[in-house]
Amino acid sequence: MWLCRGRPRLRSTSVAATGRAYRNKKPDGPGDDGVPHPDFGIHLTLTSEMKHYRWRPLTNPSPAAGLVDHNGFLWPTVAELRHNCAPEAAEAEMRAQIDRALESGVDVTHADAHMFAAAAPEFCDPYMRIATDYRCPVMLAQPFANRTMPIHLKDAEDGPYRAVQAKAS
């Protein structure tokens, strides 16, 4: 978490609360070198794509919720997550991740989505609800104006994004 220390141009970063290495508490005030700590966001993680380093959810979802594969790990691809996961299970997991970060002392200044999974159409409403409930800006892909979506959402419909844009206008 602290590999970014001492780099004056770094203004913000994100941490994944599901990773095995997540255990550090963000210190208060500037570091010993006087450099302020960057803003810390939460990297909401609903997928686990690495073959030999898999993540389990913080929640304990039922198999019927579809958040995890047959081994109890988060799905390796966004497509599998979208096909299997109930939005309620994804929302509960995202909330658990933010709560874990807050409980460890991280002042969550923003959220983004690992592999853009939380921003997929099926999970866009919960993702935006979380933004409102935690008063935390979230990152969405620049939608569809030029049809360049992240590879993990290349087949996504733009209806949920247009609804979000309309509410923000």
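What percentage of the 169 residues of the chain count as buried? The share is 44%. The model is a predicted one.

**Overall layout**

The chain holds four helices and three strands. Read from the N terminus, the order of the elements is β-β-α-α-β-α-α. Among contacts with a separation of 6 or more, 67% join residues 24 or more positions apart. The chain exposes about 9,600 Å², and 52% of this area is supplied by carbon and sulfur atoms.

**The nonpolar core**

The largest nonpolar core has 35 residues, and those touching the most other members are Ile42, Leu46, Leu67, Leu81, Met94 and Tyr127. Elements giving two or more residues to this core include strand E2 (39–44), helix H1 (78–84) and strand E3 (108–113). Helices H2 and H3 also belong to that group. H2 provides the largest share of the core, five residues.

Leu81 has contacts beyond its sequence neighbours: leaving out residues up to four places away, Leu81 touches Leu46, Thr47, Leu67, Trp75, Ala117 and Phe123.

**Helices H2 and H3**

Two packed helices are described by the angle between their axes and the distance between the axes. For H2 and H3, the angle is about 35° and the axes are 9 Å apart. The crossing of H2 past H3 is right-handed. The table lists the residues that make the contact.

| Helix | Range | Contact residues |
|---|---|---|
| H2 | residues 87–103 | Pro87, Glu91, Met94, Arg95, Ile98 |
| H3 | residues 124–133 | Pro126, Tyr127, Arg129, Ile130, Asp133 |

By class, this contact has six nonpolar and four charged residues, with no polar ones.

Note on methods. Residues numbered from 1 in each chain as written. Predicted model: local features only at pLDDT ≥ 70, side-chain atom pairs only at ≥ 80, totals over all residues. Heavy atoms only, no water. Axes fitted to C-alpha atoms, helices over the stretch in contact; angles between N-to-C directions. Left-handed = near helix turned anticlockwise from the far one by under 90°. Contact = heavy atoms within 4.5 Å. Nonpolar A, V, L, I, M, F, W, Y, C, P; charged D, E, K, R; others polar. Buried < 20%, exposed > 50% of the residue type's maximum accessible area, 1.4 Å probe, protein only. Areas by Shrake-Rupley, 256 points an atom, 1.4 Å probe, with all protein chains shown as cover. Core = buried A, V, L, I, M, F, W, Y, C linked by side-chain atoms within 4.5 Å.
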